[in-house]
Amino acid sequence: MWWHYILVFFGSLLCDIVPFPFPPAFTVMVFFQIMFNLDVWSVILVGVSGSVLGRYILLLYAPLISDKYLKSSKNEDIQFLGEKMNENKWIGQLFILAYSLLPLPTTPLFLGAGISKMKPIYIIPAFIIGKFTSDAVALHVGKYASENFERIIDHTFSWESVSSLLLSIALLFFLLFIDWRTLIQKRKFLLNFKIWK
């Protein structure tokens, strides 16, 4: 039965290591918890560990992706945004905590942090607290859902799931195409679509 938890770990890691919107890691956790009738708290601990490792790896390789695919001006723009978050580390950590508590995809947050070369120590602790809390809620809700499966399966393509995907795409759009330096320094909103090499 221990190998089921290894599946939870690697499933969560794979969901959170990719640099594009992917199903949230808690869906993998819920799936394996239901499928193998695993202990909910063990799944949360193992799954969040995999998730955190995945996001840490994403932080490390995000600059390589941005250097390869984004123009230097866009890299500088995102790095400027990261510097602004670093100016007041407590406010930055509170933002990361609040963001990870919400049912929002954290891929744009970690891509931005990775591209701006934020130190993992400034983002990971707040993410762990938020991720543990939100995934604990999600897994308990998932357990309830598994007991009411037939009623819920009818709402698989609900407005919540579709809006979550659209929100994730919108957040990536904002991160990549808004000229953050101009917005913050000159208070002027500009979009720049010429960011690719």
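This is a predicted model: local features need pLDDT of at least 70, side-chain atom pairs count only at pLDDT 80 or more; totals for chains, interfaces and linings use all residues.

Reader: Is Asn-37 buried or exposed?

Author: Residues are numbered from 1 along each chain as its sequence is written, and side-chain values use heavy atoms, with hydrogens and water left out. Buried means under 20% relative accessible area, exposed over 50%, and partly exposed in between (1.4 Å probe, protein chains only). Asn-37 has 62% relative accessibility, so Asn-37 counts as exposed.

Reader: Thanks! Where is Asn-37 placed?

Author: Helices here are DSSP runs (H or I, at least four residues), numbered from the N terminus. Asn-37 is not a glycine, yet its phi is positive, at about 55°. Its place is in the loop between H2 and H3.

Reader: And what about Arg-187, is that residue buried or exposed?

Author: Arg-187 lies in the segment after helix H10 (180–186). Its phi is near 55°, a positive value in a residue other than glycine. With a relative accessibility of 71%, Arg-187 counts as exposed.

Reader: Which residues of H5 are buried?

Author: Helix H5 covers residues 89–101, 13 residues in total, and reaches 18 Å from its first C-alpha to its last. That is close to the 18 Å expected at 1.5 Å a residue, where the expected span is 1.5 Å times one less than the number of residues. The buried residues of H5 are Gly-92, Gln-93, Ile-96, Tyr-99 and Ser-100.

Reader: At what angle do H4 and H5 pack, and which residues of H4 and H5 make the contact?

Author: Axes are lines fitted to C-alpha atoms, for helices over the stretch in contact, and angles run from 0 to 180 degrees between N-to-C directions. Helix H4 (residues 72–87) and H5 pack with their axes 5 Å apart, at an angle of about 110°. H4 is therefore roughly perpendicular to H5, a label used for angles of 65 to 115 degrees. Contact means heavy atoms within 4.5 Å, and here it is made by Met-85, Asn-86 and Glu-87 of H4 and Lys-89, Gly-92, Phe-95 and Ile-96 of H5.

Reader: Which residues is Phe-95 in contact with, leaving aside its neighbours within four places in sequence?

Author: Phe-95 is found in helix H5 and is partly exposed, with a relative accessible area of 42%. Its C-alpha is 29 Å from that of Lys-68, a residue 27 places away in sequence. Leaving aside neighbours within four places, Phe-95 is in contact with Met-85 and Leu-109.

Reader: In the largest nonpolar core, which residues touch the most other members?

Author: A nonpolar core is a set of buried Ala, Val, Leu, Ile, Met, Phe, Trp, Tyr and Cys residues joined through side-chain atoms within 4.5 Å. Among the 39 residues of the largest one, those touching the most other members are Val-43, Phe-110, Ile-123 and Leu-139.

Reader: Which helix gives the largest share of this core?

Author: Several helices each supply at least two residues of this core, including helix H1 (2–17), helix H6 (107–115) and helix H7 (120–147). The largest share, eight residues, comes from H3.

Reader: What does Phe-110 touch, not counting residues up to four places away in sequence?

Author: Phe-110 is one of the buried residues of H6, a mostly covered helix with nine of its nine residues buried. Beyond four places in sequence, Phe-110 touches Arg-55, Leu-58, Leu-59, Ile-123, Ile-124 and Phe-127.

Reader: Last one: which residues is Val-40 in contact with, leaving aside its neighbours within four places in sequence?

Author: Val-40 has its place in helix H3 and is buried, with a relative accessible area of 7%. Its C-alpha is separated by 14 Å from that of Trp-2, 38 residues apart along the chain. Leaving aside neighbours within four places, Val-40 is in contact with Gln-33, Leu-139, His-140 and Lys-143.

How values were computed
Angles under 35 degrees count as roughly parallel, over 145 as roughly antiparallel, 65 to 115 as roughly perpendicular and the rest as oblique.
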